[in-house]
Every structure is written in structure tokens, then in C-alpha cells.
Amino acid sequence: MKRFRHSRLLLTVCVLAVVLVGATLALQVSGVLALQNRISTAQNGTGIEEEGDQKRVFITLDAGSDPSYLRARVTVESTDQENAALPPDLKVLYTTNGTPGAAPKDTVLIQISNGWVDGGDGFYYYQGILSSERVQFVERVVVGEGVDLLTTQFDVVVYQESALALEDDWSQAGMATAFGRL
């Protein structure tokens, strides 16, 4: 009986030792590693640049910004302090995809660059994704001979918006979704 009690005690000690050694080895092998999941937000930054005497206008992509869809509008507005309307005989003519001749009398002609289409909502939409430094929006602004620049003062105002291009290739549906036009 005494022998049985010693062997039982010895067996318990051995089982306990095996469990402790096994648990220690398992903890050393598995280790505890911290998982890092870094999330970064997209960058969307664009701007407007003007060049030359003919008022060529470019839309630029800020450094580090992600590819973007673009839409822009250009208007002719009075610079009169009382915010008066443009003279009724002054016309504004927008052209796209072509090289116009001289502006008709009493007209400010604004030529929109190739690659832009009139959205019918006051905006022109760039038919691509801006992923490089810049894209030209206004090819030139021409003032007709009949416009008296001494008495008719106006500004050509360009406004642009951009939205992240969530697709690799340009699509009208993707752009419409990005600008909430559906």
C-alpha cells in the first residue's frame, strides 16, 4: 500500500511536470504579437492656375492627392460695386472642341478645352481622371471688338470641384455617383 501511495504521488508529480513544461514551451513558441492595422485617408486637393494673355486656365492636382474626377464652370460677372448686371447687349458665348475665329461683336467668347463636356447643369465635366499635375479647362477668352472695356468691366470667374475617383478607369456612371448626379 505504501508503495502504491508513492507511485501515485510520483505519477501526479510527473503529470504535473509534463503539463507545466508543455504550457511553458507553448507560450514561448507562440509569443504575443501586437497586430498593427494602419488606416490612411485619401487625399483630394485641386487648384486653379491661369497662364498667358488669353486667360488659359488649368486645374491642378495637389502633390500627394489621389486621382480625382473634375467638374468646373466659368462665368462672366460684373465688377461694378453695386453688383449691377452685365450690360444687356453684352453676350457670353461658350464653345467646346474647336478653334473659333474672332469673337462676334459685343461678345465675350470662352473656349473650353478638348476633353470637357457640357453637363447641362452649369458645369463642364472632364472626361477622364486627373491623376497627373494638371489639365487645361479654358483654352482662351476672347473679347469682341464691340465690347468697350473702359465702360464694361467684368471678371471671368472659374469655379471647380473634384471628387475622388474610386475606379481605375473613367466612367460616366462613376463620375455621376461621385458628384451625386444619379
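Analyst: A residue is called buried under 20% relative accessible area, exposed over 50%, and partly exposed in between. The model is predicted. V15 has a relative accessibility of 47%, so V15 counts as partly exposed. V15 is located in helix α1, which covers residues 2–30. Together with L11 and V19, V15 makes a nonpolar surface patch of about 280 Å².

Now to the sheet. It is open and has five strands, in the order β1-β2-β8-β5-β4, with mixed pairing. At its edges stand β1 (46–51) and β4 (91–96); each has a single partner strand, so one side of each is left without a neighbour in the sheet. On average, neighbouring strands of this sheet are turned by 20° against each other, direction ignored. The partner of β1 is β2 (residues 56–61), and the two pair in the antiparallel sense over six bridges. Opposite V57 in β2 stands E50.

V138 belongs to strand β8, residues 134–143. With a relative accessible area of 1%, V138 is buried, whereas V15 is partly exposed. Leaving out residues up to four places away in sequence, V138 touches K55, R56, V57, V74, I110, Q111, I112 and S113. V138 can also be placed relative to T95: they are 43 residues apart in sequence, and their C-alpha atoms are 9.9 Å apart in space.

Conventions: Residues numbered from 1 in each chain as written. Predicted model: local features only at pLDDT ≥ 70, side-chain atom pairs only at ≥ 80, totals over all residues. Heavy atoms only, no water. Patch = residues over 30% accessible without salt bridge, like charges linked within 9 Å, V, L, I, M, F, W, Y side chains within 5 Å. Areas by Shrake-Rupley, 256 points an atom, 1.4 Å probe, with all protein chains shown as cover. Salt bridge = Lys/Arg side-chain N within 4 Å of Asp/Glu carboxyl O. Helix = DSSP H or I, 4+ residues; strand = E, 2+ residues; numbered from the N terminus. Buried < 20%, exposed > 50% of the residue type's maximum accessible area, 1.4 Å probe, protein only. Contact = heavy atoms within 4.5 Å. Pairing = 2+ DSSP bridges. Axes fitted to C-alpha atoms, helices over the stretch in contact; angles between N-to-C directions.
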